[in-house]
Amino acid sequence: MGRAAGATAGGRRAARAATLGKKALSIRPRQPQGADARPRPGSLIGGRSGASRSGRLGAVDWPASLLKGRPRSVRELLRRPRSAQADELWLVIVDASASTRRQGALSQAKGLLASVFDQAYRQRVRLAVLAASGQDATWRWQGQKASTALNDWLQDLGAGGGTPLIEALQQASDWLLRRQRLKPAENQRLLVLTDGRLHDWPALLPAACPALLVDIECAPIRLGRAQRLAAELGAEYQHIEEMALQSR
């Protein structure tokens, strides 16, 4: 009975973590503010994230064309349809400062990240992961396809040191702007996990892509600064405990 109950509880925790991951990745894209707004990723043919040309103008599918007999004109050539699916990048910033040890805040964040990494791997999404811990913000992954190697890093991730979160946000902003110039059609999402336990910080520029900030502050006395941080970034705000309740 004890083993069965433990297995059931473990299954519920895994399912809840998966649901939290889906919530974390369902960031609503911002709406353009007018006809002259910067183009946003979309699904229309010719859009920033869609095919630049219709399927009829794709590469010639020679095997399919020849199976129908020798083509007598260009019109008889069959073309491969171009994919309308844009590449996708999830940029993740995780605060692993000493304060996130309180009340298991980092443990909850790691459960959520494990689900995010698993979904990215299954969907062949590219990931960029920046850890804010100690004295520096450190890149752990930088635009590659998701890999199970991230799980090893996540398992070893511990909390400690100061909170270089502002440095991480600035690094991520600069990197993301450079990447957008190189890959203008890429769909990008930003996910920030932090307890917001910072002192005063300089004014921040809004995130360069749709963003979600997940507040992991779980101490009995809460400062509530993560919500202010989310507002400055123009990010959606969610507390990880509220996400857990919604997933039940």
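What is the volume of the second largest pocket? In this predicted model, the second largest pocket has a volume of about 260 Å³. Here a pocket is an open set of points on a 1 Å grid over the protein atoms alone, with protein on both sides within 12 Å along at least five of seven lines, and lining residues have an atom within 4 Å of a point. Grid points are joined across faces, edges and corners, and the volume is the space filled by probe spheres set on the points.

The pocket has 17 lining residues, and those closest to its centre are Leu169, Gln170, Ser173, Leu205 and Pro206. The largest share of the lining, seven residues, belongs to α5; β1 and α5 (165-182) each supply at least two residues.

A word on conventions. The model is predicted, with local features requiring pLDDT of at least 70 and side-chain atom pairs pLDDT 80 or more, while totals for chains, interfaces and linings use all residues. Residues are numbered from 1 along each chain as its sequence is written, and side-chain values use heavy atoms, with hydrogens and water left out.

Turning to the fold, the chain comprises seven helices and six strands, where helices (H or I, at least four residues) and strands (E, at least two) are DSSP runs numbered from the N terminus. Their order along the sequence is α-α-β-α-β-β-α-α-β-β-α-β-α. Of the 248 residues, 40% are buried, that is, under 20% relative accessible area, whereas exposed means over 50%, with partly exposed in between (1.4 Å probe, protein chains only).

The largest nonpolar core has 31 residues, of which Phe117, Leu127, Trp153, Leu193 and Val214 touch the most other members. Such a core is a set of buried Ala, Val, Leu, Ile, Met, Phe, Trp, Tyr and Cys residues joined through side-chain atoms within 4.5 Å. Its largest share, eight residues, comes from α3. Another core, of 28 residues, lies apart from it and includes Ile93, Leu176, Trp201 and Ala211.

Finally, consider α4. Leu150, Trp153 and Leu154 are its buried residues. Viewed down the axis of α4, the buried residues fall within an arc of 100°, so they line one face of the helix; the arc is taken from the directions from the helix axis to the C-beta atoms. On the other side of α4, Gln155 and Asp156 are exposed. The buried residues of α4 pack against β1, α3, β2 and β3 (136-145), with contact meaning heavy atoms within 4.5 Å.

Technical notes. 1 Å grid on protein atoms, 1.4 Å probe; cavity = no way out; pocket = protein on both sides within 12 Å on 5 of 7 lines; lining within 4 Å.
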